[in-house]
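User: Please walk me through this model, one question at a time.

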Amino acid sequence: MIYRSWDYTDILSIAALERECFAGESWDYQMFASSFSQPGFFGELCEEEGKDGEERHLVAYGCVQCAVDTADLLNIAVAPAFRGRGIGRTMVRRLIGGARRRGMKELFLEVRPSNAHARQLYESESFRAISVRKHYYPDGEDALVMVRKLSDEKI
Ligand SMILES: CC(C)(COP(=O)(O)OP(=O)(O)OC[C@H]1O[C@@H](n2cnc3c(N)ncnc32)[C@H](O)[C@@H]1OP(=O)(O)O)[C@@H](O)C(=O)NCCC(=O)NCCS
């Protein structure tokens, strides 16, 4: 597996994997493209080396928006066939590391209370729940707001 930062040319395949992972509530190409052009935005991805001269293909992506000294984890997903192999954890750690290197003191995110796998991942990476946003998602589910302190540690 190859881990690296996003290029503008990755956005098409990122939007396609987003559609596969989030169905009706996915970000589209334009949303990723306009976020990518914002100051303070960065994205990390994972791709699998193509076999026998085939092109590499996207396996996971995640992105963060930094502002002043706090950051928001906007999106993260691993392709269904590649879940449960530690790729999501590596992505979270790379996003934490990227935010810390940019001088951020805290990293926030929203997660569905029903998304047990994501919550377990975040909790095991020292995110803690701090509040609830009522009816945050299009289907009416609340969002759990979680935060990870970035100071005083190294990853
Ligand atoms: C959440 C997601 C990113 C995790 O990626 P992943 O590569 O499967 O995660 P990892 O293999 O690194 O596992 C990390 C931890 O997540 C939890 N987890 C992941 N898959 C799990 C499963 N099938 N059963 C139970 N726990 C699971 C565990 O705590 C696991 O740690 P462990 O292996 O030490 O037990 C992935 O499931 C995904 O893309 N889901 C759809 C998109 C999504 O929900 N994104 C988050 C939006 S907030």
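The questions below cover the overall fold, the strand pairing and the ligand shell.

User: In what order do the elements of the protein chain run from the N terminus on?
Analyst: This is a predicted model. The protein chain has four helices and seven strands. From the N terminus on, the order is β-α-α-β-β-β-α-β-α-β-β.

User: What is the radius of gyration of the protein chain, and why does it count as compact as a globular protein of that length?
Analyst: The chain has 155 residues, and the globule rule gives 15 Å for that length. The computed value is close to this, so the chain is as compact as a globular protein of that length. The radius of gyration is 15 Å.

User: Which residue takes a positive phi in the hairpin of E3 and E4?
Analyst: E3 also pairs with E4 (residues 70-78), antiparallel over eight bridges. Within that pairing, Tyr61 stands opposite Ala77 in E4. Two residues lie between the strands of the hairpin. The one with a positive phi, near 55°, is Val68.

User: Which element supplies the largest share of the shell around the ligand?
Analyst: E4, helix H3 (87-101) and helix H4 (116-124) each supply at least two residues of the shell. The largest share is five residues, and it comes from H4.

User: Which residues come nearest to the ligand?
Analyst: The shell divides into eight nonpolar, seven polar and three charged residues. Of the 18 residues around the ligand, the nearest are Arg83, Gly88, Arg89, Gln120 and Leu121.

Conventions:
Residues are numbered from 1 along each chain as its sequence is written. This is a predicted model: local features need pLDDT of at least 70, side-chain atom pairs count only at pLDDT 80 or more; totals for chains, interfaces and linings use all residues. Two strands pair if DSSP finds at least two bridges between them. A residue is near a molecule or strand if its C-beta atom, placed from the backbone, lies within 6 Å of it. Ala, Val, Leu, Ile, Met, Phe, Trp, Tyr, Cys and Pro count as nonpolar, Asp, Glu, Lys and Arg as charged, and the others, Gly among them, as polar. The radius of gyration is taken over C-alpha atoms; the globule rule is 2.2 Å times the number of residues to the power 0.38.
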